[in-house]
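Welcome, and thanks for taking a look at this one with us. Please have the sequence and the model open side by side as you read the briefing below.

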There are 2 protein chains.
Amino acid sequence: MEFQVVHKFSSGRARCGRIATLHGVFETPVFMPVGTQGSVKALSPDDLKEVGVKILLSNTYHLFLRPGHDIIRNLGGLHRFMGWDGPILTDSGGYQIYSLAKLRTLSEEGASFQSHLDGSRHFVGPRDAMAIQQALGADIIMAFDECAPFPADYKYVHNSVRLTSRWAAECIQVKQGNTQALFGIVQGGTYPDLREKSAGDLVAMDFDGYALGGLSVGEDRETRARVVRETVPLLPEDKPVYLMGVGKPEDILDAVASGVDMFDCVLPTRNARNGSLFTSKGPLAIKNACYADDDSPLDEQCGCYTCSRFSRAYLRHLFMAKELLAYRLNTIHNLHYFMGFMKEIREAIAKERFEEYRNDYYRHLADVEEERRGENLRRS
Amino acid sequence: MEFQVVHKFSSGRARCGRIATLHGVFETPVFMPVGTQGSVKALSPDDLKEVGVKILLSNTYHLFLRPGHDIIRNLGGLHRFMGWDGPILTDSGGYQIYSLAKLRTLSEEGASFQSHLDGSRHFVGPRDAMAIQQALGADIIMAFDECAPFPADYKYVHNSVRLTSRWAAECIQVKQGNTQALFGIVQGGTYPDLREKSAGDLVAMDFDGYALGGLSVGEDRETRARVVRETVPLLPEDKPVYLMGVGKPEDILDAVASGVDMFDCVLPTRNARNGSLFTSKGPLAIKNACYADDDSPLDEQCGCYTCSRFSRAYLRHLFMAKELLAYRLNTIHNLHYFMGFMKEIREAIAKERFEEYRNDYYRHLADVEEERRGENLRRS
């Protein structure tokens, strides 16, 4: 993997970059949609390309449990298995073991847990996480980490950072000779000194990139922005920085301003399936009765397949009738919105207009919020 | 609508035809996939075109209840509403009132029933069914009928035929000046004299085409084939004949041999969603464990999007994980199979090879069945 900073915004840390992998090149800041089980829900690989997706994320924990990484390796790896020939990043599994698995017990060697699918018992340590991710064959893989819950006391997070560093060292050892790029995950919760400790430990190991983990787990936006702002400067400038699990547009703007290059989140895809759609005029809940006979597209300013072909009235009907097509059309729209949003961010940085763009977007969000409050007042 | 017989098979009644509507031309014998609620489940209009669909069916009963025919009319009709610019046929609603609605009561004027969705009470008679279908704006619409259950005694079916004829006459009256083609539905259950009575009544009214209703409701294949064989000769040769709700390949072959031109059924789409796939080697249940690491396509001889891009292993994984993409990919494959099957039938008729083709297909089905029995024996 090669990372190149193409443009650094003159005030602050925002930057445009370019990452080249064996499966293609993409520009940063980039948003990676989540294909949890080897499929970005409701979309085909062609849909993803059509919508402008350049790299996607898939979950090690899920693929380990089903269908199993050995099966995927024997079938030629995850790219071939899911029919996606672009770049893929797999996470370490650490977060899912913490958030989904049952009866989790931690030891120095790794995590023992029960599958959320069938209750079967498993053990995954750093070497296992590496072996699984090598079998899957993603372009970018993540060191195995211990993700602390929020809130967590200092002692817990201190130990979590210690384990994460210990495991990161094992992952680096195992990586030898592997062409996959390996990122370390900085933990430390909301404690500045623990973030500093974690970043220091990992930077000393010289990873191909660095992720910020343990955020978007319950802390407020200001805290999240503060941790990002304080942690990114501790990482080398010539390596990509990835903020895991963060996807609200306002959080992305905060983080880009602090120098983050990569993002992933289920927000656009999950919201789409719940009928919550991103538009240039703010969020739109397609189930609302006012759209029942609305012949206009979701978003007049959107050029996606959904907006160029179908009315709000039809999309509402599909959603109310639980028609499968609803999930695909809504997901295409939301991902198109996110891809356009990231493109605007990259252009704004390149044209030295990023602060302006960012403030305009915040103002737009505030306007939308005010309008919503006004409507609620009128109704009550 | 214009119907033209292009080739009559020299022995028997099988024939190739061509039907021209305001939304395009299609060749017969034709299979119409079912878009119950204004969407062929899991597919977009582009998917349908890609797979070779030329005409689809949508259900008057469902669209009447949700979103309502007035909404669809105000939005420019069903074609525009669902983004499908090819021909559409809507059924009369009679069958769904009989099979889905609750607390149904019949009178001379029509059917009173409760919605299966919300229990709301409705009344639909022949004039209502026509008004709803005119609002939807399909190219071919159906006269309102009374579909007898199976088995039903002679007296019940006799009354059902009487009501169907009475209502058909009202539909013909209402049709005046409407450019939509109107088909009458021959009822009469499995009673030859009642089928003859029903056909005679309807033919005297001079419909644009004739459907055989009340079949595939529980009777055996031989009975179904007999009723079709005995009824089609009672209908005018210059009008299309449509066998409603019939879709098993063997039934389609039986019926084509008897002179039927049009078919609809949820079989290929519903089976797809249940993971039951049609292949040149017989049915394939994608959930079977033997496909977990099977790198080959569903069907080596199939050129559909699904078979040209994905392995059985991936399709099994998607299905087991209940991934939404599974339903789309499986539906694309099954409809592609049905479109290919109908094309082969048309070519066989045109090339005077229909009897050979039909016998080969029956033999193929028998071989598949024998193989299945053999496998079950080996396992037990």
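Chain B superposes on chain A by a rotation of 180° with 0.0 Å of shift along the axis, at an RMSD of 0.0 Å. The two copies are thus related as by a two-fold rotation axis. Do keep in mind that this is a predicted model.

**How the copies meet**

- The same surface serves both copies, as 100% of the contact residues of chain B recur in chain A.

- Three strands of chain B form an open sheet in the order E1-E2-E3, with antiparallel pairing.
- Strands E1 (2-8) and E3 (24-28) of chain B are at the edges with a single partner strand each, so one side of each has no neighbour in the sheet.
- From one strand to the next, the twist averages 15°.
- Strand E2 of chain B (residues 15-21) is joined to E3(B) by 5 bridges, and the two run antiparallel.
- For a residue-level view of the sheet, Gly17(B) stands opposite Thr28(B) in E3(B).

**Cysteines**

- Over all chains, the structure holds 0 disulfides.
- Cys302(A) is in no disulfide, and the nearest cysteine sulfur, that of Cys304(A), is 3.6 Å away; a disulfide would need the two sulfur atoms within 2.5 Å.
- Cys302(A) is buried, with a relative accessible area of 15%, because buried means under 20%.

**A look around Ala168(B)**

- Ala168(B) sits in helix H7 of chain B, which covers residues 154-175.
- Is Ala168(B) buried or exposed? Ala168(B) counts as buried, at 1% relative accessibility.
- Leaving aside residues up to four places away in sequence, Ala168(B) touches Ala143(B), Phe144(B), Leu202(B), Met205(B) and Phe207(B).
- Ser120(B) is 48 residues from Ala168(B) in sequence, and their C-alpha atoms are 26 Å apart in space.

Conventions:
Residues are numbered from 1 along each chain as its sequence is written. Chains are lettered from A and ligands numbered from 1 in the order in which they are written. This is a predicted model: local features need pLDDT of at least 70, side-chain atom pairs count only at pLDDT 80 or more; totals for chains, interfaces and linings use all residues. Side-chain values use heavy atoms; hydrogens and water are left out. Buried means under 20% relative accessible area, exposed over 50%, partly exposed in between (1.4 Å probe, protein chains only). Two strands pair if DSSP finds at least two bridges between them. Helices (H or I, at least four residues) and strands (E, at least two) are DSSP runs, numbered from the N terminus. Axes are lines fitted to C-alpha atoms, for helices over the stretch in contact, and angles run from 0 to 180 degrees between N-to-C directions. Copies are superposed by least squares on the C-alpha atoms of residues with pLDDT of at least 70 in both. Contact means heavy atoms within 4.5 Å.
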